[in-house]
Amino acid sequence: MKSNNIDLSVLAGVLERGRQDPAALKMDKRVEGTWNFAAGAPAFTATLTHGQQTSTMHVDIAPGFGGAGLAPDPLQYMLLGLGSCYAATVVTIAAMESAEISDLQVIAETHADMSRVYDIADNPLIEGVSVIVKVTADVDDDTLHRWQQTARDKCPFAYTVINAVPLETLVQRA
């Protein structure tokens with residue numbers, strides 16, 4: 001049975017396996033991509049495997065910063081990831097509560113100050129990120145507030161933004 005485009009039978013199975021073995025709830029994610037040196041091409045291309053399918057994603061540098069705007073820039077993909085993850089968390093919470101959502105829209109935005117990248121100033125790159133979720137559902141305001149707080153606490157991408165997550169980097173010879 002599906003609710004809010006969430007397959008509740010699959011979700012129930014995942015939750016049961018997770019209760020039996022918490023390791024069943026762990027996932028490894030990986031993205032590998034290539035910088036494009038050809039003129040007229042987006043700067044970066046990666047092929048992502050998801051389930052039995054793949055998607056090719058293109059990323060470009062923002063216009064005005066050396067890119068041609070041939071594809072979304074990295075910060076737009078960050079906001080896409082955050083907004084879609086947050087939306088998925090809200091609809092999953094609603095589905096688990098048997099609440100039907102008839103419409104959901106997300107606005108994820110930030111203001112980036114690139115002066116640090118170019119050694120012009122020492123300003124923070126990003127001072128904050130906001131996510132606004134507009135929900136059409138037959139629930140009261142207390143429920144919407146609870147969904148917002150639960151999504152903020154449980155959304156993996158929101159958690160990554162709110163909490164310092166260790167970042168390991170390495171540049172090596174190919």
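**Figure 1. Thr 49 on strand S4 of the predicted model.** Thr 49 is exposed, with a relative accessible area of 62%. The model shown here and in the following views is predicted. Thr 49 belongs to strand S4, which covers residues 44-50. The label "exposed" applies because the value of 62% for Thr 49 lies in the range over 50%. A second residue, Gln 105, may be located for orientation: Thr 49 and Gln 105 are separated by 56 residues in sequence, and their C-alpha atoms are 26 Å apart in space.

**Figure 2. The protein chain as a whole.** The chain contains four helices and seven strands. Read from the N terminus, these elements follow the order β-β-α-β-β-β-α-β-β-α-α. The C-alpha trace extends over about 50 × 35 × 30 Å along its principal axes. Of the 174 residues in the chain, 21% are buried. The accessible surface amounts to about 12900 Å², and carbon and sulfur atoms contribute 54% of that surface. Among contacts with a separation of 6 or more, 45% are made by residues 24 or more positions apart.

**Figure 3. A nonpolar patch on the surface.** Five residues, Phe 65, Val 117, Tyr 118, Ile 120 and Leu 125, form this patch. Together they have about 500 Å² of accessible area. Ile 120 is situated in the loop that joins strand S6 (101-112) to strand S7 (126-137). Is Ile 120 buried or exposed? Ile 120 is exposed, because its relative accessible area is 68%, and the class begins over 50%.

**Figure 4. The salt bridge between Arg 146 and Glu 97.** The structure holds three salt bridges, and this view presents one of them. The closest N and O atoms of Arg 146 and Glu 97 are 2.4 Å apart. This pair connects distant parts of the chain, since Arg 146 is in helix H3 (residues 141-154) and Glu 97 is in the loop between helix H2 (74-96) and S6, 49 residues away. Arg 146 counts as partly exposed, with a relative accessibility of 37%. Glu 97 is likewise partly exposed, with a value of 36%.

**Figure 5. The salt bridge between Arg 30 and Glu 32.** In this pair the closest N and O atoms are 2.7 Å apart. Both partners, Arg 30 and Glu 32, are exposed.

**Figure 6. The salt bridge between Asp 122 and Arg 116.** The side chains of these two residues meet with an N to O distance of 3.1 Å. What is the relative accessibility of Asp 122? The value for Asp 122 is 61%, and this residue therefore counts as exposed. Arg 116, at 38% relative accessibility, counts as partly exposed.

**Figure 7. Asn 5 and its positive phi.** Asn 5 has a phi near 65 degrees, a positive value in a residue other than glycine. Most residues other than glycine have a negative phi. Asn 5 occupies the loop between strand S1 (2-3) and strand S2 (6-7). With a relative accessibility of 64%, Asn 5 counts as exposed.

**Figure 8. Ser 98 and its positive phi.** Where does Ser 98 lie? Ser 98 is in the loop between H2 and S6. Its phi is near 60 degrees, again a positive value in a residue other than glycine. Ser 98 is exposed, and its relative accessible area is 65%. Glu 97, shown in Figure 4, is also placed in the loop between helix H2 and S6.

Figure 9. Asp 153 is partly exposed, because its relative accessible area of 47% falls between the limits of 20% and 50%. How many residues apart in sequence are Asp 153 and Thr 89? They are 64 residues apart in sequence, while their C-alpha atoms are 9.9 Å apart in space.

Definitions and conventions:
Residues numbered from 1 in each chain as written. Predicted model: local features only at pLDDT ≥ 70, side-chain atom pairs only at ≥ 80, totals over all residues. Heavy atoms only, no water. Patch = residues over 30% accessible without salt bridge, like charges linked within 9 Å, V, L, I, M, F, W, Y side chains within 5 Å. Areas by Shrake-Rupley, 256 points an atom, 1.4 Å probe, with all protein chains shown as cover. Salt bridge = Lys/Arg side-chain N within 4 Å of Asp/Glu carboxyl O. Helix = DSSP H or I, 4+ residues; strand = E, 2+ residues; numbered from the N terminus. Buried < 20%, exposed > 50% of the residue type's maximum accessible area, 1.4 Å probe, protein only. Contact = heavy atoms within 4.5 Å.
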